[in-house]
Amino acid sequence: MGKNKKGHGIEWLNGWLDEDGQVRTPETFNPVWGCSHKSEGCRNCYAEAMALRLRRMGNQPNYEAVITDGRWNGEVVADYAMLEKIRRWKKPRVAFVCSMSDLFHEKVPDAFILAALWAMADNPEHIFILLTKREKRMAEMWRQFTEEVNGCPVPKNIIQGVTVENESQLGRLDHLIRLPVKKLVSVEPMLGPLDLSPWMDQIDWVILGCESGPRARLCEPSWVRPVRDNCVATGTPFFLKQMMIWNKLVKMPILTQNKNSRACKRWAQLPKMGAV
Ligand code: SF4
């Protein structure tokens, strides 16, 4: 997704401030090409469709290697040279890392994941946001990274997230909450009702959105409200990216303040960075 006049196409990358109160440059940063489906949330993978489009346009040779018959083929290309680019960023940025893949994919080498985490930690003026559906590998790689860091403070500029699209993926949170960095839960696409309350005290940010596109699956407003209420109750920032309302996709819709209120607001809360 790119930037437009109204900001970045990924809404939750907009509005981040640096220490001087200036708006950070939003960015998607993709040092890994390719992926494979992991759970139900992957069924209509946006990145796969986009990769196929880019491959057809012929301007992204790396996608040749990772797409076969219009689908991810399970191969990945990990580009060390891309990691070097971070050091050349001038203004403070907020970057969604691997928006088109999963850094913790089985085929991405351990050494590359560690190099990526080091590149992020070594550039604390930027904020990096990671999302995965491979929670066990994530936990293992963070274990290895903290062993390498060995006594140094853990990076405060990285937000690690997991996707929890339905109840059967709630177990991902047990791995997430043990990490020493800021923690994000992405309920996107929301495919069923969820009770996040057992984990809420240890979560720093929740993003939620329904599925979009021609094959979008159902997402009921009655599933959304309890997650919002959990966030309100625990003071956890909540970002409502999109909902299907009367069969129409509404970006950043307004929703009541809480279950007892009729007052409405747009939910676009971001976590405070700094102490973990
Ligand atoms: S993990 Fe993400 S990029 Fe990979 S197949 Fe699933 S939705 Fe697509």
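1. Let's start with Leu179, which sits in the loop between helix 5 (172-176) and strand 11. Helices (H or I, at least four residues) and strands (E, at least two) are DSSP runs, numbered from the N terminus. Leu179 counts as buried because 20 other C-beta atoms lie within 10 Å. The cut-offs are these: a residue is buried with 20 or more other C-beta atoms within 10 Å of its own, exposed with 12 or fewer, and partly exposed in between, with C-beta atoms placed from the backbone. Leaving out residues up to four places away in sequence, Leu179 touches Trp142 and Gln160. Two residues are in contact if their C-beta atoms, placed from the backbone, lie within 7 Å. Leu179 and Trp142 are 37 residues apart in sequence, yet their C-alpha atoms are 7.2 Å apart in space.

2. A word on what you are looking at. This is a predicted model, in which local features need pLDDT of at least 70, side-chain atom pairs count only at pLDDT 80 or more, and totals for chains, interfaces and linings use all residues. Residues are numbered from 1 along each chain as its sequence is written.

3. Ile159 is worth a visit next, in strand 10 (residues 158-163). Ile159 is buried, as 23 other C-beta atoms lie within 10 Å. Beyond four places in sequence, its contacts are Ile127, Ile129, Val181, Lys182, Leu184, Trp205 and Pro271. For a sense of scale, Ile159 and Val108 are 51 residues apart in sequence and 20 Å apart in space, C-alpha to C-alpha.

4. Now the largest nonpolar core, which has 68 residues; Val97, Leu103, Ile129, Val187 and Val206 touch the most other members. A nonpolar core here is a set of buried Ala, Val, Leu, Ile, Met, Phe, Trp, Tyr and Cys residues joined through C-beta atoms within 7 Å. Helix 3 gives this core its largest share, 6 residues. As background, nonpolar side chains in soluble globular proteins tend to be buried together. Val187 touches Val164, Glu165, Leu194, Val206, Ile207, Leu208 and Val227, not counting residues up to four places away in sequence.

5. Val224 belongs to helix 6 (residues 221-234). Val224 is buried, with 23 other C-beta atoms within 10 Å. Setting aside neighbours within four places in sequence, Val224 is in contact with Met190, Leu208 and Met243. Val224 and Thr28 are 196 residues apart in sequence, and their C-alpha atoms are 26 Å apart.

6. How do helix 2 and helix 3 meet? The axes of helix 2 (residues 80-88) and helix 3 (residues 110-121) come within 10 Å and cross at roughly 5 degrees. Axes are lines fitted to C-alpha atoms, for helices over the stretch in contact, and angles run from 0 to 180 degrees between N-to-C directions. Tyr80, Leu83 and Ile86 of helix 2 make the contact with Phe112, Ala115, Ala116 and Ala119 of helix 3. These residues divide into 7 nonpolar, no polar and no charged.

7. Within helix 2, Leu83 is partly exposed, with 17 other C-beta atoms within 10 Å. Leu83 touches Pro31, Ala115, Ala116 and Ala119, again not counting residues up to four places away in sequence.

8. Which residues surround the ligand? They are Cys35, His37, Lys38, Gly41, Cys42, Cys45, Ala47, Glu48, Trp72, Ser101, Asp102 and Lys133, where near means a C-beta atom, placed from the backbone, within 6 Å. By class, this shell has 5 nonpolar, 3 polar and 4 charged residues. Ala, Val, Leu, Ile, Met, Phe, Trp, Tyr, Cys and Pro count as nonpolar, Asp, Glu, Lys and Arg as charged, and the others, Gly among them, as polar.

9. Finally, some backbone details to check. A cis peptide bond joins Glu188 and Pro189, with omega about -5 degrees; Pro189 lies in the loop between strand 11 (182-187) and strand 12 (205-209). Asp69 is not a glycine, but has a positive phi of about 50 degrees. Asp69 is in the loop between strand 5 (67-68) and strand 6 (71-72), and is exposed, with 6 other C-beta atoms within 10 Å. Met252, also not a glycine, has a positive phi of about 40 degrees. Met252 lies in the loop between strand 14 (248-251) and strand 15 (254-256), and is partly exposed, with 16 C-beta neighbours inside 10 Å.
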